[in-house]
Amino acid sequence: MRRGHCEVLSRLCLRGGIAGLVFVGSLAAQAAGIVDAGLASEPGGYLVTEFRLVTPGAGPEDCPDGFNEGYSQQFLAGLPPAEREPYEKDPRLLQQALAPWYYDDPAEDPCASPAAFPDPGMRTIERPLTMTRFEPDGSLSTRELPPSQCPTPEAFATQVEQRTIDNQYWRVMGCVRGYQANGLAASFADSAILDGSMTILLSVGGAASADDGAIDVWMYSSHQPVTVGTDGKPLPFASLPVSAESRYHNVARGHLRDGVLTTDRFNLRIIQAAQRLDSELYLRDARLRLELDSETGVASGFLAGYWDLDSLAHAAIRIQDRTGLSSGKPAADAHGYTCPGKYYAVHRLADGHPDPESGHCSSISVLYSVRAVPAFVLDAPKPM
Amino acid sequence: MPEARYRRVVLLLCLVVWAAGAHASGQVSQQAQETDAVVAMYRLTQTQYRQSIADIFGDGVRIYGRFEPDYRRDHLLATGSAWASVSPSGFEQYERMARGIAEQVLGAEQRARFLACEPDAANARTDTCIQGFLAGYGEKLFRRPLTADELASRLEVVAQVLEIGGDVHEGIQYALASLLASPEFLFRIEAVEPEPQRPGETRLTGYSKAARLSFFLWNTTPDTQLLAAAERGELHDPAGMRRQVKRLLASPRLETGMRSLFADMLRFDTFPEVSKDAALYPVLTSEVAQAMQEQTLQTLMQHLLVENADYRELFTRESMPMDRRLGMVYAVPVTAPEGWDSYRFNEASARGGLLSQASLLSLHAHAGSSSPTLRGLFVRETFLCQTVPPPPADVDFTLEEGFAVEATARERLTRHRSEPVCAGCHHLMDPIGLTLEQFDGVGMYRTRENGHLIDVSGELDGRQFSGAKGLGQALSEHPRVPECLVNTVYRYAGGPQDDTVQGPLLQTLNAQFADSGYRLRDLLRQIATSDDFYSVSVSDDWAI
């Protein structure tokens, strides 16, 4: 732990007279001199301002057969050049030809019911990749590794704590045009946070009674939209209440060393919403690693975990809204893949939580980059 | 009648009424060589105009048009209003607003609220319904009853609109518009009359006293009760005046008036001109800027009116209203999801007192940085009523470029003051403003500037201290601070500027303010009930 943090922690405990109860959420901000010292007794936390899938971009050899094609591309590719031209000139004609985007009967919708359709095949990255992974000791590595495999139920149960959390989801989406560096996904990065659809809070602190000095790290959803400043970014020091729904109160055992916060494994469930999407992100055996910048008060790092495939299908394939309609097909077409193709690909590359009976993995490793600014987390449950 | 021609004729009518009104005033004033003479004219400020219209016609009436800019003199818009005139283009705007208001008042949708009787188009010049409407609203707008000429000229407007093909409601509408565009409404005109007890001397008319009192305490036109008291002559009687002052001070509308006073004193009218670097200060949205002003005004109202606390303690007050928007400026938690909460800064906090509020810190700073000089100047002028000369005409601004290499404002300003031409004035301002340097250009807390620790030591008139709290303590104990408030409130109220009256009166008011424990309510009462406050010195030049 940095000296500044130790000093502030000691002061908090002594002055507040609340031994054993510490709040380090705003420590970096205090150390940076951007929060008035007189406010130190207030609970602190963070507002997540960036929450992005780590999509390193496909290298020249990663997708030897090229990128996947969406419904529009497949339709156009099937036409003789002369017939293709009017559709390329007028996107409305193309939309009409591919209608309906929204099906009255979900059984007819390849995105609402991808498992009901045959696997059209999806190009994924199969070769060894050098990319960021989350190591068992909380560090990050960039070793070149082949695709992670689905372990046996026994192996997963006994070795999960020693397992590197890969980013197999990138292998699924790596050969998708919309997931490249300048693709649609990048251009919409954090838009759900900025437009108020998705607010994620972090609260670092809690009971420090454990002998090893472990602290509680809470991660919440909030129904309160972020406030965006004149620079177009969420403002720090907002007062934001956590969701009243306890399913979105996630707690992990954390460790703060040398300005780096890491957590042990925890299951994470937060609201995942964007545009028409109204869903949840459910990561199992997730881990968080954040570096707390003593100059700016900003926390930045990664969240790794295993994305439950049912949750993934709801949020990232069916893309269901509150009415139950699927927005999956236009989304798939905009990015450049098919829903059944993605559905079967995530199952094929899934590498976590094998089903004891079938042996098939029910989750896939994924990595998010996270950035958070100091905030005041309100209505949080009492520290345990 | 074609619409265009109709509009031209009506416009001409309005102008005729304006001219007739001015002429009528002249006639009255000629008589007033012996009776009423105009001694002062104050153009209504934008706020006064809006509040007057809202009070007379209700909040639902909207005002369309652009106001003549208010004019600040001796640090107050209220003082400047005595020097403001109406330009030709400004009159066009006032005339446009007048027509807009009249259209709403007498339009089919709202007419029944204002015109309870059925006007008789056949006898427009004599109809009691029309006369009653114009006389009633005329008195509210002119803050005195209309003269017979003034009423007759408006009845003539109604009759002529009927003659050129308009209906009776349109006629009343244009007559009302002519009242609204009259100098008697746009200006608060003070007149004197002979003093019956002291032959050869004059006194403000009862209606002029009513208006002076009402605009002082409520910043709006006198209400019906005050006009009635003026009509009965009660405002010339000390007991009658005390009754009205007590009533006005007890009214919730006092807050409206005091908000206007302090918004004027703190120059909040300049907030719309505040421009900040969006990249450096992303927190300062227009909503936040509005909330900053509201926070300060709420603080003042809570401290001075609700708690009736010592004015000097404003500079050391630890609590202030806070909402979630401002919580992001102050970096404090705000539990109330909507509206305002009270937040108390504790002893360890660097923040405390009025001067550490973001409104004042933002207003007196540069677009991309704080400004100890501007903040110091503001403190000198506003809370100590001192005058700091403007920079000399031959000031060498290239010196600034050389100073820019210094990391902190203190270092830059120390070099600045090493220039003899700068030192003379900067030593009056910078040592004050440097104590507020832990607050950036929008009032957010910081301990470093360009990576260097900020030194917040400073000095005020020989007293050494540190930080915003030290400055607040020094000001709360500075003898000129309460005197300056007395002076400011007195000037805002429009008290006589004649030294022979003002000097002794201010001396008395200062003593009374101290005796009252520096309570604003007492100061307001003492000014408003003072005979000298309503005294006038009539010059022949004033009569029109």
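Author: A residue is buried if 20 or more other C-beta atoms lie within 10 Å of its own, exposed if 12 or fewer, and partly exposed in between, with C-beta atoms placed from the backbone. The model is a predicted one, in which local features need pLDDT of at least 70 and side-chain atom pairs count only at pLDDT 80 or more, while totals for chains, interfaces and linings use all residues. Residues are numbered from 1 along each chain as its sequence is written, and chains are lettered from A and ligands numbered from 1 in the order in which they are written.

Reader: What percentage of the residues of chain B count as buried?

Author: Of its 544 residues, 46% count as buried.

Reader: How many helices and strands does chain B have?

Author: Helices (H or I, at least four residues) and strands (E, at least two) are DSSP runs, numbered from the N terminus. Chain B comes to 24 helices and 9 strands.

Reader: Which residues of α6(B) are buried?

Author: Helix α6(B) covers residues 128-142. Its buried residues are I130(B), Q131(B), F133(B), L134(B), Y137(B), G138(B), L141(B) and F142(B). Viewed down the helix axis, they fall within an arc of 160 degrees, so they line one face of α6(B); the arc is that of the directions from the helix axis to the C-beta atoms.

Reader: Against which helices do these buried residues pack?

Author: Two residues are in contact if their C-beta atoms, placed from the backbone, lie within 7 Å. The buried residues of α6(B) pack against α2, α7, α8 and α9 of chain B.

Reader: At what angle do α7(B) and α8(B) pack?

Author: Axes are lines fitted to C-alpha atoms, for helices over the stretch in contact, and angles run from 0 to 180 degrees between N-to-C directions. Here the angle is about 145 degrees, and the axes are 8 Å apart. The residues of this contact divide into 9 nonpolar, 2 polar and 2 charged. In this division Ala, Val, Leu, Ile, Met, Phe, Trp, Tyr, Cys and Pro count as nonpolar, Asp, Glu, Lys and Arg as charged, and the others, Gly among them, as polar.

Reader: How many residues does each chain give to the contact between chain A and chain B?

Author: Chain B gives 24 residues and chain A gives 20 residues. On the side of chain B, helix α15 gives the most, with 3 residues.

Note on methods: Expected span 1.5 Å × (residues − 1).
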